[in-house]
Amino acid sequence: MRSPVPARLLLLAMVCLVAAACGGSGDTSGAAPATTTAASGTTAAASQACADAAALKASVAELDQLDPPAAGKAGIQAALEKVTTNLAALKSSARSQWSSQITELDGAVEALKATIAGVDGDSLLSAVPTIVSDLKRIDTAWTALQQQIDQDCG
């Protein structure tokens, strides 16, 4: 199993630690802990974004496996709520990282929410083509985001 911490962040932390250990005769004791803390903070933020991305991946997979007629409105809304919750967490932890892909996925999720909101018990079957189209848009947006996540998180 690969570590979710990108290799370049680990390399940065190692360089900072080596620089602190091999420092010259000048007073670097104040600089070394600050550098190490900054590297640890960056690593922690990246780790949290990767963990949130993994949770989003699981909820998108669940949504992707739904059979809209069998799941019904309630089943689709429940799966969509998990995606929305995990996407909100990723927005918070990733901040500017993956922002364009997150924005696209968010738009696709909102489109499906709007479609589902307009469905009542009798109109579900007639809305299936629109629901499927919205699910395809989510899948396309997710694929683009997942490529970036895999590149950064491993």
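**Entry 1: the whole chain**

I count a helix as a DSSP run of H or I with at least four residues, and I number helices from the N terminus. With that settled, I read the elements of the chain from the N terminus on as α-α-α-α-α. That makes five helices and zero strands. I keep in mind that this is a predicted model.

I looked up burial next. The chain has 154 residues, and 35% of them are buried.

**Entry 2: helix α3**

I picked α3, which covers residues 68–94. How far apart are its end C-alpha atoms? I got 31 Å for these 27 residues, whereas a straight helix would reach 39 Å at 1.5 Å a residue. I went looking for a bend and noted one of about 70° at Ala-74.

Then I listed buried residues in α3. Among them are Pro-68, Gly-72, Ile-76, Ala-79, Leu-80, Val-83, Thr-84 and Leu-87. Further along α3 I also have Leu-90, Ser-93 and Ala-94 down as buried. A reminder to myself on reading such a list: an α-helix has 3.6 residues a turn, so residues three or four places apart point the same way.

Just after α3 I stopped at Arg-95, where phi is positive, at about 45°.

**Entry 3: Thr-84**

I zoomed in on Thr-84, one of the buried residues of α3. Which residues does Thr-84 touch, leaving aside its neighbours within four places in sequence? I found Val-109 and Lys-113. With Lys-113 there is also a polar contact between the two side chains, at 3.4 Å.

**Entry 4: the disulfide**

I searched for disulfides and the count came to one. The partners are Cys-50 and Cys-153, with their sulfur atoms 1.9 Å apart. This pair links distant parts of the chain: Cys-50 sits in helix α2 (residues 31–64) and Cys-153 in helix α5, 103 residues apart. I looked at the turn about the S-S bond as well, and at -85° the link is left-handed.

Are the two cysteines buried or exposed? I put Cys-50 down as buried because its relative accessibility is 7%, under the 20% cut-off. Cys-153 has a relative accessible area of 9%, so I call it buried too.

I finished on α5, which runs over residues 124–153. My first stop was Pro-129, which has its place in this helix. I class Pro-129 as exposed because its relative accessible area is 56%, and the cut-off is over 50%. I then looked for a residue of α3 to compare it with and took Pro-68, which is in that helix's buried list. Pro-129 and Pro-68 are 61 residues apart in sequence, and I get 9.8 Å between their C-alpha atoms.

My second stop was Ser-133, also in α5. Its relative accessible area is 43%, so I wrote it down as partly exposed.

Key. Residues are numbered from 1 along each chain as its sequence is written. This is a predicted model: local features need pLDDT of at least 70, side-chain atom pairs count only at pLDDT 80 or more; totals for chains, interfaces and linings use all residues. Side-chain values use heavy atoms; hydrogens and water are left out. Helices (H or I, at least four residues) and strands (E, at least two) are DSSP runs, numbered from the N terminus. A polar contact is a pair of N or O atoms within 3.5 Å; within protein, one must be able to donate a hydrogen and the other to accept it, and residues adjacent in sequence count only if both atoms are side-chain atoms. Contact means heavy atoms within 4.5 Å. The expected span of a helix is 1.5 Å times one less than its number of residues. The bend at a residue is the angle between axes fitted to the seven residues ending there and the seven starting there. Buried means under 20% relative accessible area, exposed over 50%, partly exposed in between (1.4 Å probe, protein chains only). A disulfide is a pair of cysteine sulfur atoms within 2.5 Å.
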